[in-house]
Amino acid sequence: GFGMFTLGDLHLPQLQFSAERYMALLTSPVIVNVVLTVVTGAAFGVVNALTLISYRRQLRAYNGFFTVMALATTLLLVVDVANVLTYLAVLNVCLAVQAAHFFTTTRLNKGYILFILLVVANMAGPTLFTILKELL
């Protein structure tokens, strides 16, 4: 690389189980992005699994890899709440691949509307969460 980081800068995540961390996540606006990403990724994954069965082995392997990585990331996200933003980034990559497979293999009339709705919901979710939290 460019010498910006050394091997000493890399650290494995330290698992810390505490009710305060879970409650802090549940009351933060990030929970909206986490839930939306997990639910959307699961939905795209199921639809892709059903449509990609008849496709080439290579496409099935790619999809299977990202599905397994998304499942492992979701499990780690639940176990290690302290690093939720790191796991959310990986989960967003897996969701992007699943969405790309979905929109490539599925012919929808005006499918771009679904894509735009998902992007807007992901961007507006934390803001709406904060507004609703203030109102309640």
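This is a predicted model: local features need pLDDT of at least 70, side-chain atom pairs count only at pLDDT 80 or more; totals for chains, interfaces and linings use all residues.
Residues are numbered from 1 along each chain as its sequence is written, and side-chain values use heavy atoms, with hydrogens and water left out.

**Overall layout**

The protein chain has five helices and zero strands, where helices (H or I, at least four residues) and strands (E, at least two) are DSSP runs numbered from the N terminus. Read from the N terminus, the order is α-α-α-α-α. Along the principal axes, the C-alpha atoms fill a box of roughly 45 × 45 × 30 Å. Of the 136 residues, 23% count as buried; here buried means under 20% relative accessible area, exposed over 50%, and partly exposed in between, with a 1.4 Å probe and protein chains only. Contacts (heavy atoms within 4.5 Å) with a separation of 6 or more come, for 75% of them, from residues 24 or more positions apart.

**The core**

Which residues make up the largest nonpolar core? There are eight: Leu 25, Ile 31, Val 34, Leu 77, Val 81, Val 84, Tyr 87 and Leu 88. Such a core is a set of buried Ala, Val, Leu, Ile, Met, Phe, Trp, Tyr and Cys residues joined through side-chain atoms within 4.5 Å. Helices α2 (30–51) and α4 (84–105) each supply at least two of its residues, and α4 gives the largest share, three residues. Leaving aside residues up to four places away in sequence, Val 84 touches Leu 25, Val 30, Val 34 and Leu 77.

**How α2 meets α4**

These two helices pack at an angle of about 35°, with their axes 8 Å apart. The axes are lines fitted to C-alpha atoms, for helices over the stretch in contact, and angles run from 0 to 180 degrees between N-to-C directions. On α2 the contact includes Val 34, Phe 44 and Thr 51, and on α4 it includes Val 84, Leu 95 and Phe 103. By class, the contact has 13 nonpolar, 11 polar and no charged residues. In that count Ala, Val, Leu, Ile, Met, Phe, Trp, Tyr, Cys and Pro are nonpolar, Asp, Glu, Lys and Arg are charged, and the others, Gly among them, are polar.

**Aromatic residues and a loop lysine**

Rings of Phe, Tyr and Trp (its six-membered ring) pair if their centres lie within 6.5 Å; planes under 30 degrees apart count as stacked, over 60 as edge-to-face and the rest as tilted. By this rule there are five aromatic pairs. Phe 103 and Phe 115 form an edge-to-face one, 6.0 Å centre to centre with 85° between the planes. Because Phe 103 lies in helix α4 and Phe 115 in helix α5 (residues 111–135), the pair ties together parts that are 12 residues apart in sequence. Phe 44, Phe 102, Phe 103 and Phe 115 form one aromatic cluster.

Elsewhere, Phe 65 lies in helix α3 (residues 57–79). Lys 110 is in the loop between α4 and α5 and has a positive phi of about 60° although it is not a glycine.

| Residue | Relative accessible area | Class |
|---|---|---|
| Phe 65 | 48% | partly exposed |
| Phe 103 | 23% | partly exposed |
| Phe 115 | 45% | partly exposed |
| Lys 110 | 58% | exposed |
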